[in-house]
Amino acid sequence: MTWNIKGSYYENCSCTNTCPCTWSSMLAPATNDYCRANLAFKISEGEINGVSMNGVIFVIIVDAPPLMADGNWKVGVVVNDDTSDEQMEALGILMSGEIGGPPAMLGDLIGEMLGMERHPVSISQKGNDFQVQIGSSFDYSATIITNPMTEQPVKLVGMLHPAGEELKVANVHNSKGSIMGIEFGGENLSGYQTDFSWAA
């Protein structure tokens with residue numbers, strides 16, 4: 001089966017500075033005694049098994065040990081409430097790892113799947129500012145960090161990360177929420193933004 005999706009990616013995790021698991025390829029622990037993350041994907045175009053995924057938003061919710069390489073993650077998936085049953089089924093196949101791509105790479109790290117739920121999800125971006133909101137359950141706002149001399153985004157490159165090898169670093173000003181049994185929040189937390197492209 002061939003498939004492809006691409007679009008924009010937004011992240012907030014519970015680390016209190018730039019997430020160590022990104023630059024260490026999961027060999028350095030989180031800044032807390034846990035790692036919790038909200039990984040939001042806004043698909044601009046693509047298809048899975050002949051099903052158009054244009055406009056689908058999905059958010060991977062993660063609760064992991066501080067050293068993510070230890071595995072035993074709890075993972076849930078939230079999809080926007082206007083996602084059709086057909087699109088949700090196709091996304092479920094993708095997230096299972098059955099058809100390859102980044103979800104297959106993460107499969108051995110997942111200890112418990114919490115399922116998939118529909119919620120109203122909105123993602124907005126204006127310039128370097130972005131906000132991700134999941135109904136009344138989760139909300140965070142962030143700004144992509146820029147070099148004050150060049151005004152260009154500060155980036156991590158060469159990453160081992162499901163969204164891609166290059167991530168724009170963001171400061172999450174405020175984050176709060178609890179969904180699928182996973183809760184975290186705070187001020188000035190770690191965040192990233194990039195464009196993503198998955199295919200197999």
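The model is predicted. Its largest nonpolar core has 42 residues, and a search of the whole structure finds 1 cavity of 30 Å³ or more. T22 and H161, which are in contact with each other, are treated at the end.

**Nonpolar cores**

- In soluble globular proteins, nonpolar side chains tend to be buried together.
- Within the largest nonpolar core, of 42 residues, the residues with the most contacts are I5, M53, F58 and V62.
- At least two residues of this core come from each of β1 (3-13), β2 (35-48), β4 (57-64), β5 (73-80), α2 (85-95), β11 (166-179) and β12 (182-199).
- Strand β2 gives the largest share of the core, 6 residues.
- Beyond its neighbours up to four places away in sequence, M53 touches I5, I43, G46, E47, I48, Q87, A90 and L91.
- A separate second core has 22 residues, among them A40, I144, F184 and L189.

- The volume of the largest cavity is about 90 Å³.
- Its lining is made up of L39, I60, V62, W73, V75, M95, P103, L106, I110 and M113.
- Two or more lining residues come from each of β4, β5, α3 (102-106) and β6 (110-119).
- By residue class, the lining has 10 nonpolar residues, no polar ones and no charged ones.

**T22**

- T22 sits in helix α1, which covers residues 20-23.
- T22 counts as buried because its relative accessibility is 3%, under the 20% cut-off.
- The T22 side chain comes to 2.6 Å from the backbone oxygen of C19.
- With neighbours within four places in sequence set aside, the contacts of T22 are L156, M159, H161, L167 and Y192.

**H161**

- H161 is located in the loop that runs between β10 (155-157) and β11.
- The relative accessible area of H161 is 14%, so this residue is also buried, again under the 20% cut-off.
- The side chains of H161 and E11 are joined by a polar contact of 2.8 Å.
- Apart from neighbours within four places in sequence, H161 is in contact with Y9, E11, T22 and L167.

Terms used
Residues numbered from 1 in each chain as written. Predicted model: local features only at pLDDT ≥ 70, side-chain atom pairs only at ≥ 80, totals over all residues. Heavy atoms only, no water. Helix = DSSP H or I, 4+ residues; strand = E, 2+ residues; numbered from the N terminus. Buried < 20%, exposed > 50% of the residue type's maximum accessible area, 1.4 Å probe, protein only. Polar contact = N/O pair within 3.5 Å; in protein donor to acceptor, adjacent residues only side chain to side chain. Contact = heavy atoms within 4.5 Å. Core = buried A, V, L, I, M, F, W, Y, C linked by side-chain atoms within 4.5 Å. 1 Å grid on protein atoms, 1.4 Å probe; cavity = no way out; pocket = protein on both sides within 12 Å on 5 of 7 lines; lining within 4 Å. Points joined across faces, edges and corners; volume = space filled by probe spheres on them. Nonpolar A, V, L, I, M, F, W, Y, C, P; charged D, E, K, R; others polar.
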